[in-house]
Amino acid sequence: MKVIVARDYNELCSFAGRFVIRWLQTHEKVVLGLATGKTMIGLYKVLVEQYKRGEVSFRNCVTFNLDEFVGLEVTHELSYHYYMKVHFFDHVDISEDARFLPNGLAKDVLAECDRYEKLIKEKGGIDLTLLGIGKNGHIAFNEPTSSLASRTRVKRLEAETIEALEKSFGGKEKVPKYVITMGIGTIMESKHILMLASGKEKACAVRDMIEGPIGAYCPATVLQLHPHAFVVIDEDAGSLLSRKYDTVKDVLSDPYEEYFYEGK
Ligand code: GLP
């Protein structure tokens with residue numbers, strides 16, 4: 001696991017943007033795993049800006065989102081379909097038939113999970129997955145105690161996650177209880193992972209993910225086992241860490257920066 005500390009959220013997003021763009025520039029065809037959530041908004045903004053300046057194209061990308069709520073219309077403004085449209089898809093050149101999200105409206109949601117897994121395989125597997133982290137250490141919607149080998153499936157949200165979503169949905173009872181999420185095993189098959197975490201409210205989860213023992217109690221700890229996991233955090237999210245880690249400045253001034261992006 002390569003940990004990089006940014007001064008603040010802005011530096012975090014511009015560094016993560018640089019990372020993704022290097023990736024796109026050095027790979028012919030890229031299958032991306034995409035995350036949602038507040039943290040990702042700044043990264044998508046950087047990517048859209050770079051696209052508009054003509055510095056990057058997503059034409060050769062195929063994308064798979066990590067998760068979606070069960071039962072929310074795709075036009076619901078809190079669905080992940082809608083989020084992706086507003087923050088990313090509407091502004092870049094990823095063709096419509098290359099964007100995939102789990103279908104939370106499928107008649108048979110269990111069959112939908114299997115279909116999604118198969119589709120990822122058919123497209124050659126995921127090259128680079130963007131990940132955020134929940135306050136309880138979840139990745140995608142793999143709540144604590146999720147099997148570290150789990151595949152795409154339906155999960156019931158934990159009380160803590162429902163609380164985190166309560167405000168935006170306008171009440172606990174309005175938060176969907178079920179989601180479709182890529183499993184931890186599915187995520188770990190991604191060839192590279194770029195995890196972002198920002199803010200003091202993530203500090204406990206970030207400490208456990210980086211310095212804690214690996215366990216399903218904190219799903220994000222599984223990244224310690226991934227050969228190419230990059231964790232970019234801001235100082236607030238890293239405020240409970242016991243060691244000093246490389247800063248964005250350290251990486252950018254490293255003569256082997258290119259080598260670093262390859263994650264070797
Ligand atoms: C949700 C998403 C996750 C995301 C997490 C953190 O639970 N399913 O993929 O990582 O929120 O979101 P935020 O960045 O808003 O804290």
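The shell around the ligand holds four nonpolar, five polar and three charged residues. Here Ala, Val, Leu, Ile, Met, Phe, Trp, Tyr, Cys and Pro count as nonpolar, Asp, Glu, Lys and Arg as charged, and the others, Gly among them, as polar. This is a predicted model, in which local features need pLDDT of at least 70 and side-chain atom pairs count only at pLDDT 80 or more, while totals for chains, interfaces and linings use all residues. Residues are numbered from 1 along each chain as its sequence is written, and side-chain values use heavy atoms, without hydrogens and water.

Among the surrounding residues are Thr-36, Lys-38, Tyr-80 and Phe-141, each with a heavy atom within 4 Å of the ligand. Polar contacts (pairs of N or O atoms within 3.5 Å) are listed below.

| Protein atom | Ligand atom | Distance |
|---|---|---|
| Asp-67, side-chain N or O | nitrogen | 2.8 Å |
| Ala-140, polar backbone atom | nitrogen | 3.4 Å |
| Lys-202, polar side-chain atom | oxygen | 2.5 Å |

The protein covers 89% of the 390 Å² of accessible area that the ligand has on its own (Shrake-Rupley method, 1.4 Å probe).

Eight parallel strands form an open sheet, ordered S5-S3-S2-S6-S9-S10-S1-S11. Strands are DSSP runs of E with at least two residues, and two strands pair if DSSP finds at least two bridges between them. S5 (99-100) and S11 (246-247) each have a single partner strand, so one side of each lacks a neighbour in the sheet. S1 (residues 2-6) pairs with S10 (residues 229-234) over five bridges, and Ala-6 stands opposite Asp-234 in S10.

Note on methods: Helices (H or I, at least four residues) and strands (E, at least two) are DSSP runs, numbered from the N terminus. A polar contact is a pair of N or O atoms within 3.5 Å; within protein, one must be able to donate a hydrogen and the other to accept it, and residues adjacent in sequence count only if both atoms are side-chain atoms.
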